[in-house]
Amino acid sequence: MLEHDTIYILAIESSCDDTSAAVLMNDKVLSNVVATQAIHEEYGGVVPELASRAHQQNIVPVVHQAIAKANIDKKQLSAIAFTRGPGLMGSLLVGTSFAKSLALGLQIPLIEVNHMKAHILAHFIEDETMIPPSFPFLALTISGGHTQIVQVNDFFDMKIIGQTLDDAVGEAFDKSAKILGLPYPGGPLIDKYAATGDPHKFEFTIPNVKDLDFSFSGLKTNILYFIQRQTKENPDFIKNNLADICASIQYTIITILMRKLKKAVKLTGIKEIAIGGGVSANSGIRNALIEAQTKYQWKTYIPKFEYCTDNAAMIGIVGYQKYKNEKFSQQDVTAKARYVIS
Ligand code: KG4
Ligand code: ZN
């Protein structure tokens, strides 16, 4: 372990459609700047080529802003951490190239970070509103690109024990929203409309998937056919029932997630549960996890909203842990679109 006084990490995240930079002083976040790309809204999903171009435009101002907000000089930086993958290749290349060049220019170490590990380890950011889980714990990472249950034994020892076989849970939210005519990303809108709806008004099929794996593509088709059938009879069906449809969709998705979590707890005997990824902003899943504390005697951990969606602070906390353990990367490191947790 490296002896140190104060470590300053500049972290860069550019795996999908958010350009983000953060500065951490040890495990504390001094700044966490996120530039969200609005350009994708009109296309109903992320357009990789446009995402890459927007990262090119955003990265310099976002990094400048993060350093300025942190009120440090870039000469004080101890290392640069960046997202190596998984994600969109064109997007990852921007952050990776930028991090490599800056580390070379400043003559400081470079640290590659796995985006999915970062969603999990975001819980270890020092923040008065968050308590970190104890090892070993189970992490449910739910985002627009991933759905995984990971057994986390230590900072650098984790194993995927369940994952989606097709769509990610965020995609299930977004695609359902699209069927309802809602704009992208539809997840937060389904959450909003669900608040005043009846979750038991409409019933959707819960898929039967082996072990701890998930599948969401059947649900999407189930919803599509249901809506097509109903709107044929009543063209105003969606408008007249939006809250109930959203509440029923959300209830189905949460039931799928909670059933698998219960199974994972049973199989591993681990009752420390932490969530991460953009979908952990969902109020339904948050409530279900809070309820599980008394219902199943689990200890559940939900990160602060800004550390749930894609952000560089979570890349920085992994960077800090890797720095302490001297896990550095070399200048020949390349972006990795498919980067599996191991
Ligand atoms: O982690 P994230 O910011 O980006 C990825 O790595 O994918 O997750 C984005 C996903 C989108 O699918 C979005 O619709 C979903 O998170 N999301 C939500 C909510 N907020 C964001 N889904 C349901 N309810 C929410 N409140
Ligand atoms: Zn993510």
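**Exercise 1. Find which domains supply the shell around ligand 1.**

Step 1. In this predicted model, the shell around ligand 1 takes at least three residues from domain 1 (8-125 + 309-324) and at least three from domain 2 (137-302). These bounds come from an automatic or database domain assignment.

Step 2. Keep the ground rules at hand. Residues are numbered from 1 along each chain as its sequence is written, while chains are lettered from A and ligands numbered from 1 in the order in which they are written. Local features need pLDDT of at least 70, side-chain atom pairs count only at pLDDT 80 or more, totals for chains, interfaces and linings use all residues, and side-chain values use heavy atoms, with hydrogens and water left out.

**Exercise 2. Describe the residues that surround ligand 1.**

Step 1. Sort them by class: 5 are nonpolar, 11 polar and 3 charged. Here Ala, Val, Leu, Ile, Met, Phe, Trp, Tyr, Cys and Pro count as nonpolar, Asp, Glu, Lys and Arg as charged, and the others, Gly among them, as polar.

Step 2. Look for helices: α3 (115-121), α4 (169-179) and α5 (187-194) each give at least two residues to the shell. Helices are DSSP runs of H or I with at least four residues, strands are E runs of at least two, and both are numbered from the N terminus.

**Exercise 3. Locate polar atoms of the protein that lie beside oxygen atoms of ligand 1.**

Step 1. Start with G144, where a polar backbone atom is 2.7 Å from a ligand oxygen.

Step 2. Move on to the side chains: a polar atom of D174 lies 2.6 Å from an oxygen of the ligand, and for D310 an N or O atom is 3.1 Å from a ligand oxygen.

Step 3. Now check the cover: on its own, ligand 1 has 550 Å² of accessible area (Shrake-Rupley method, 1.4 Å probe), and the protein covers 89% of that.

**Exercise 4. Is T147 buried or exposed?**

Step 1. T147 counts as buried because its relative accessibility is 1%. Buried means under 20% relative accessible area, exposed over 50%, and partly exposed in between (1.4 Å probe, protein chains only).

Step 2. Follow the T147 side chain, which reaches the backbone nitrogen of V169 at 2.7 Å.

Note on methods: Near = heavy atom within 4 Å. Polar contact = N/O pair within 3.5 Å; in protein donor to acceptor, adjacent residues only side chain to side chain.
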